[in-house]
Amino acid sequence: MQKFKEIVDRLQAKRAVSDEEYKILLQTKDEKKQAYLHKAAREVCQSIYGNGVFIRGLIEISNYCKNDCYYCGIRKSNHHVSRYHLNKEEILSACKQGYALGFKTFVMQGGEDGSYDDVLMVDIIKSIRTNYPDCAITLSLGEKSKDVYQKYFDAGANRYLLRHESVCENHYAKLHPSNMRIQDRVQCLWDLKEIGFQVGSGIMVGSPYQTLDHIVADIHFLEKLQPQMIGLGPYLPHKDTPFKDEKKGDVEMTINLLAILRLMHPQALIPSTTALATISNDGREKGILAGANVVMPNLSPVEHREAYSLYNNKANMNAEAAESLHLLEARLQAIGYTISYDRGDYKKEGEK
Ligand code: SAH
């Protein structure tokens, strides 16, 4: 226990430990050790962000996708999906509903859907920017050219979520068809940063063929990238994908990784993800108690929520639903937290 505590303390102080030590932290299942790691992480988070958890309204704008990622339920080759995309009016109406509920960030996420050309997307972003000048606009629309990202930024978008999924070329290639390359995804992240977006990246924990070495490489990649946001969730199988029989990710390891990354990135905005809330009834709470400080309730039109099925049984109602913030508040209060209705931008080190 003493040795374990020393590793955690050193990670907190130096924001780095050895690769072998990362693996020890990742694998720990001992309750007391986990409690120590998670407490250190949540205290670091609380010292910067307090006990408020930021909320982001997640609008899943389209489940059309040109990509064929082997893990994802809305991949192009899945012909069982009933496809939809929201038009400008539907997106603005979701924002209106969200704003009335108190959201100050709208996240537009979707598959890589070519029907939103640059002109349309820029028009949508500009309209949201004009109607809600006090809100942040986050995009999660996959890989685009730098030029297109710049147009989105100039139109008023502030943040971009693009998980790198796995920085190791051989592992990335096991998760994606050969037309997708980790180099391209990493280039997108650097482009986004250079443009001035607050950038989010991350991985699925327990994705097929992932080893501890891969996760350690991902830790190092995030250390280099210094993203403002970090998204992590357990891998969860989807019945209509090539990975349907693969086993799901480990909730404990996901939370340990979350705590490690919190200690390394004290100011980061880290969501307790829907995948965590899906895998375990108290997954959302576990994430927050290990240092997460964001949740992303679903603000998509209710009639389309089931169709945005990235994995089996994806949670989208109750405390995961934007219209039920009172349920979320009750669950947060039960663990000593509360919803923060602030816009919740990234705080630079030393910033009040
Ligand atoms: N097209 C966008 C949004 C992808 S969906 C993009 O490329 O960024 C958002 C995230 O959901 C993905 O980055 C992936 O990490 C996660 N995801 C997809 N399928 C999943 C699955 N089966 N289990 C867990 N997470 C999954």
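What follows is a conversation about how some descriptions of this predicted model are reached.

Visitor: Why is aspartate 68 called buried?
Guide: Buried means under 20% relative accessible area, exposed over 50%, and partly exposed in between (1.4 Å probe, protein chains only). Aspartate 68 has 16% relative accessibility, so it counts as buried.

Visitor: Where is aspartate 68, and what is it in contact with?
Guide: Aspartate 68 is in the loop between strand 2 (57-62) and helix 4 (88-101). Helices (H or I, at least four residues) and strands (E, at least two) are DSSP runs, numbered from the N terminus. Leaving aside neighbours within four places in sequence, aspartate 68 is in contact (heavy atoms within 4.5 Å) with Arg75, Lys76, Ser77 and Pro177.

Visitor: What makes the pair of aspartate 68 and lysine 76 a polar contact?
Guide: A polar contact is a pair of N or O atoms within 3.5 Å; within protein, one must be able to donate a hydrogen and the other to accept it, and residues adjacent in sequence count only if both atoms are side-chain atoms. The backbone nitrogen of lysine 76 lies 3.3 Å from a polar side-chain atom of aspartate 68.

Visitor: Why is threonine 273 called buried?
Guide: Threonine 273 has a relative accessible area of 10%, so it is buried. Its place is in the loop between helix 10 (251-264) and helix 11 (274-279). Beyond neighbours within four places in sequence, threonine 273 is in contact with Arg163, Leu232 and Gly233.

Visitor: Which residues come nearest to the ligand?
Guide: Of the 16 residues around the ligand, Tyr71, Gly110, Arg163, Glu165 and Leu236 come nearest. A residue is near if one of its heavy atoms lies within 4 Å of the molecule or strand in question.

Visitor: Which atoms of arginine 163 and leucine 236 lie by the ligand?
Guide: For arginine 163, a polar side-chain atom lies 2.9 Å from an oxygen atom of the ligand. For leucine 236, a backbone N or O atom lies 2.7 Å from a ligand nitrogen atom. The ligand taken alone exposes 550 Å², and the protein buries 91% of that; these areas come from the Shrake-Rupley method with a 1.4 Å probe, and for residues only the protein chains shown count as cover.

Visitor: How do you know that the buried residues of helix 6 line one face?
Guide: In helix 6 (residues 146-155), Val148, Tyr149, Tyr152 and Ala155 are buried. Seen down the axis, these buried residues fall within an arc of 125°, so they line one face of helix 6. The arc is that of the directions from the helix axis to the C-beta atoms. Their cover includes helix 5 (118-131) and helix 8 (182-195).

Visitor: Why is tyrosine 209 called partly exposed?
Guide: Tyrosine 209 has 46% relative accessibility, so it counts as partly exposed. Its place is in the loop between strand 6 (198-205) and helix 9 (212-225).

Visitor: What is the phi of tyrosine 209?
Guide: Tyrosine 209 has a positive phi of about 70°, although it is not a glycine. Most residues other than glycine have a negative phi.

Terms used:
Residues are numbered from 1 along each chain as its sequence is written. This is a predicted model: local features need pLDDT of at least 70, side-chain atom pairs count only at pLDDT 80 or more; totals for chains, interfaces and linings use all residues. Side-chain values use heavy atoms; hydrogens and water are left out.
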